[in-house]
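I opened this entry to keep track of what I looked up in the structure, going from the whole chain to single residues.

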Amino acid sequence: SRFENGMKGSSYLQIPEAIKWFTAGIEYHHIHHLNTRVPLYRIRQCHEEGGQLWNDVPTFTLFDAFQRLPHSLRDDDTLEFLSVYDHVFIEKATMKGKEGVGSSNVKQD
């Protein structure tokens, strides 16, 4: 469903209250996926009033986000996230010389 895709295809980033002003609401990106017409100045209110609607949204802390930074490529065949380093330096080195094998199935996030 549209709702399920919007919720599971996005995430909620839990960040300290002290820096929320600087993020301009990016931590509530799941709401944008559900309805792009929610204005920025109402997005936090929408999240808070939504309560249990957001239970299925993947939730990450700021620490989790920093840990995931190196994993910014997704292989569409295996549906796994890859590190840029592994893709560029290891996988391409092992695939060198093989025709038809490459990064065409890998998309950047």
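This is a predicted model: local features need pLDDT of at least 70, side-chain atom pairs count only at pLDDT 80 or more; totals for chains, interfaces and linings use all residues.

**Entry 1: the chain as a whole**

I looked up the secondary structure and found six helices and five strands, which follow one another along the sequence in the pattern α-β-α-α-α-β-α-β-β-α-β. Of the 109 residues in the chain, 22% are buried. I then turned to the contacts with a separation of 6 or more, and 49% of these in the chain come from residues 24 or more positions apart. For the surface, I noted that the chain exposes about 8,300 Å², with carbon and sulfur atoms supplying 55% of that area.

**Entry 2: helix H4**

Which residues of helix H4 are buried? In this helix, which covers residues 40-50, I found Ile-43, His-47 and Gly-50 to be buried. Looking down the axis of H4, I saw that its buried residues fall within an arc of 75°, and therefore they line one face of the helix. I next asked what they pack against, and the buried residues of H4 turned out to meet strand S1 (12-14) and helix H3 (29-34). On the face of H4 turned away from the buried side, I listed the exposed residues Tyr-41, Glu-48 and Glu-49. Just after H4, I noted that Gly-51 takes a positive phi of about 50°.

**Entry 3: aromatic pairs**

How many aromatic pairs does a search of the whole structure find? The search gave two. Tyr-12 and Tyr-28 form a stacked pair, with 5.7 Å from centre to centre and 25° between the planes. Because Tyr-12 lies in strand S1 and Tyr-28 in the loop between H2 and H3, this pair ties together parts that are 16 residues apart in sequence.

**Entry 4: the surface around Phe-22**

Are Trp-21 and Phe-22 buried or exposed? Both of them are exposed. I placed Phe-22 in helix H2, which covers residues 20-23, and its relative accessibility is 64%, which is why it counts as exposed, the cut-off being over 50%. I also found that Ile-19, Trp-21 and Phe-22 form a nonpolar patch on the surface, and together these residues have about 420 Å² of accessible area.

**Entry 5: Asp-56**

Where is Asp-56 placed? I located Asp-56 in the loop between H4 and strand S2 (59-61). With a relative accessible area of 53%, Asp-56 is exposed. I then looked up what Asp-56 touches, leaving out residues up to four places away in sequence, and recorded Met-7 and Lys-8. Finally, I noted that the C-alpha atoms of Asp-56 and Glu-4 are separated by 8.3 Å, although these residues are 52 residues apart along the chain.

Conventions: Residues are numbered from 1 along each chain as its sequence is written. Side-chain values use heavy atoms; hydrogens and water are left out. Helices (H or I, at least four residues) and strands (E, at least two) are DSSP runs, numbered from the N terminus. Buried means under 20% relative accessible area, exposed over 50%, partly exposed in between (1.4 Å probe, protein chains only). Contact means heavy atoms within 4.5 Å. Accessible areas come from the Shrake-Rupley method with a 1.4 Å probe; for residues, only the protein chains shown count as cover. Patches are made of residues with over 30% relative accessible area and no salt bridge: like charges are joined within 9 Å, nonpolar side chains (Val, Leu, Ile, Met, Phe, Trp, Tyr) within 5 Å. A salt bridge is a side-chain nitrogen of Lys or Arg within 4 Å of a carboxyl oxygen of Asp or Glu. The arc is that of the directions from the helix axis to the C-beta atoms. Rings of Phe, Tyr and Trp (its six-membered ring) pair if their centres lie within 6.5 Å; planes under 30 degrees apart count as stacked, over 60 as edge-to-face and the rest as tilted.
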